[in-house]
Amino acid sequence: MSDTSYYRSLTRSMFLKVALVSLTPMLIIIFVAAWLFHTSYTEKVVSHLEELVERHAQSIDSFLYSRTAEMRMLAAAAPLEALRDQENLERLLLIMQEQYDGVFVDLGLVAEDGVQAAYAGPFQLGRARYADAAWFRTVMERGIYVSDVFLGLRGLPHFIVGVRRVDDQGRAWVLRSTIDFVAFTDLVRSIRLGQTGHAYIVNQQGELQTGESETLAEEIPTVLKLAARTGAGARAENGRDVRVFTAEILSGGSEAIYVTAPIKGGDWTLVFRQEERDAFADLYRARNVDLAVMAAGTLAIIVMAWLVSRQTVERIEASDREKELVNEQFIEAGKLASVGELAAGIAHEINNPVAIMVEEAGWIDDLLTDGEQLSADNRAEIVRALAQIRTQGSRCKDITHKLLSFARRTDPSIAEVSLNELVDEILAISEQRARLANIRIERRFLPVPTIVASAAEMQQVLLNLINNAVDAMDKGGVLKVATWLEDRQVVLQVSDTGHGIPQANLQRIFDPFFTTKPVGRGTGLGLSIVYGIVQKMGGDIRVSSTVGVGSTFSVFIPVKDTQKAAAEVETPGRMVRNKEAKA
Amino acid sequence: MNSLKIMLVDDEAPFVDALAKRLAHRGITVGKAFSGDEALERLTEGENPEVVVLDVKMPGMDGIQALEEIKRRFPLVEVIMLTGHATVESAIQGMKLGAYDYLMKPCDLDELIRKAGEASAKKRGHEQKILEAQAQHIALRMGD
């Protein structure tokens, strides 16, 4: 049924609109809020990491600086003889270890030629030769140096702080100490954040300075490259050049956030690495909550939109049904009104022959009471009067027959109806009324197929249109009724030469209760009933009217089954009939 | 007293004929017209009825129009409207336009004659007054 699909598409479009209108602002709010939160949270996390790394870089630098300062102090303050003396050196080492929590592992004094002159410490390094060691040469050159981590003579990772000293004879000496590697490594390893955040140090060559790790060794070159490519951090101007970037370096590893900071005057780089999902765990949690809320909201909106549109359409459907019912009642009411009008016309029509019969009967009565003997003239007069009564009686019979053929079609059931026949019948009833109103009726019937309609309803349509036309011509005129076939539609046209309908009223003529007739004369239902009936048949009705010239109502009724209908086109015998009522 | 003079106007010829015979039978002078136009024509030609019995519903010039025309051109002629039930309103309108009375069709003959008699009496009264007025006028002139 087209009705069902109409309501379904109505439901669909309403649902889409409601859903769209509700979803759009929700999604916009959620996305904007999420984006703002994401931005500010990321900024916060990054700046927190920057701060953390900077602080640690500072503490590592200060650790190295302190050790160096202590060595310089020792080198400068202690007499050379005391340093050259093994026992004294061991005593000094002991003091330093006590003072600095055993950070200094050993102490050694190396002569200009690279031969260790004195040594105090756990390793049997004795007169080790350092002439070719890189650190030794750097110390000789710069006067002070903290070496990279290397295995050295003892075969263990360690690094050295070396200080140069020149004696009275102008000979240079180098005081060196090994820094406790474990203590130093712990310093770096203590930088931990979340589950995956950890730090390490690499030198310029990309060698790991804190312990050994194969996975780290793999990513270091890339990290350094990326760090170099990343622009200087925001704090580079007045502090340490902390750089932040995110990358997925290890194959199979996840996206990680890297924070680098130069330490030891740029010789080393402190690298902090934390996996993104760990660093932004809160953010991701918030995002998940966000998504859950969004999903729930979307679902709720969709369900509500569906329910609301369904409910609304159901209501519309119910009210449509109600309207249809009311329409039917209108049609009933209008039927009575037009039947009333019809009855008045018929009564008048029947009144004339009845009046004649009454007068003729009275005349016979007069003649009979006149005298006992009937003259031949009077007898002939009585015969004439009786003939007249008979004539008038058959006139009454004709009228009642017309009325009966009209009344016969009160069955509202839908059947095949011959429109031309129906129009003929209605015109027959309206003829007398038209004649008295000086209206000439013109019929122009072309053969049209039968239409599928309720004869009673079609009568309503015709009666109302014709009554209106007659009412519009109170000074006489021409009523034209025409039928023809056009584009698979049967067209019925009723035109009058009456006073016409003003443009302002043309929009409202099909509204129920709209009437221009004086109170008590018109119900204002006629045309709305016509409209309702025509719409129900799937047809259309059009009006054209000019004030002072007349109005034309065209009713278009679809032919249901063209093939069948074509076969049933009325016989050409009835094709054109242009009977004119006597004016 | 002169006999009553009536003109019957209706498009239904058999009705006019039958009614005319019955009225004539009762000694009333009856004129017949089958349309408003014909009635006016006859009046213009000099036919001088006291009462015109006029059907309201007629093709061509209808009763109301005929009444207006008669009252305009022959103000002293009294008119009785004849109407079917459906046109009582136009009969009332006719009374407002100067008709003496109205009768419902089919009407009782005696009632018609009675009303026509009343109308005729009224007309005669009017004419009497006019004559008196004219006589007085002449007397005044003579008295000058």
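This is a short tour of a predicted model, stop by stop. Local features here need pLDDT of at least 70 and side-chain atom pairs count only at pLDDT 80 or more, while totals for chains, interfaces and linings use all residues. Residues are numbered from 1 along each chain as its sequence is written, chains are lettered from A in the order in which they are written, and side-chain values use heavy atoms, with hydrogens and water left out.

Chain A averages 82, and 91% of its residues score at least 70. You will find 14 helices and 17 strands (DSSP runs numbered from the N terminus: H or I of at least four residues, E of at least two). Of the 583 residues in chain A, 45% are buried, meaning under 20% relative accessible area with a 1.4 Å probe, protein chains only.

Now pick residues 562-583 of chain A, where pLDDT stays under 50. Where pLDDT is low, the predicted coordinates should not be read in detail.

Move to chain B and select helix α1, residues 13-25. Its buried residues include Phe15(B), Leu19(B) and Leu23(B). Just after α1(B), look at Gly27(B), with a positive phi of about 80°.

Finally, show α2(B) (residues 36-44) with α3(B) (residues 63-73): their axes, lines fitted to C-alpha atoms over the stretch in contact, come within 10 Å and cross at roughly 15°. That angle makes α2(B) roughly parallel to α3(B), a term for angles under 35 degrees. Here Leu40(B) and Leu43(B) are among the α2(B) residues that meet α3(B), whose partners include Ala66(B) and Ile70(B).

Definitions and conventions: pLDDT is the predictor's confidence in each residue, from 0 to 100. Contact means heavy atoms within 4.5 Å. The expected span of a helix is 1.5 Å times one less than its number of residues. Buried means under 20% relative accessible area, exposed over 50%, partly exposed in between (1.4 Å probe, protein chains only). Axes are lines fitted to C-alpha atoms, for helices over the stretch in contact, and angles run from 0 to 180 degrees between N-to-C directions. Angles under 35 degrees count as roughly parallel, over 145 as roughly antiparallel, 65 to 115 as roughly perpendicular and the rest as oblique.
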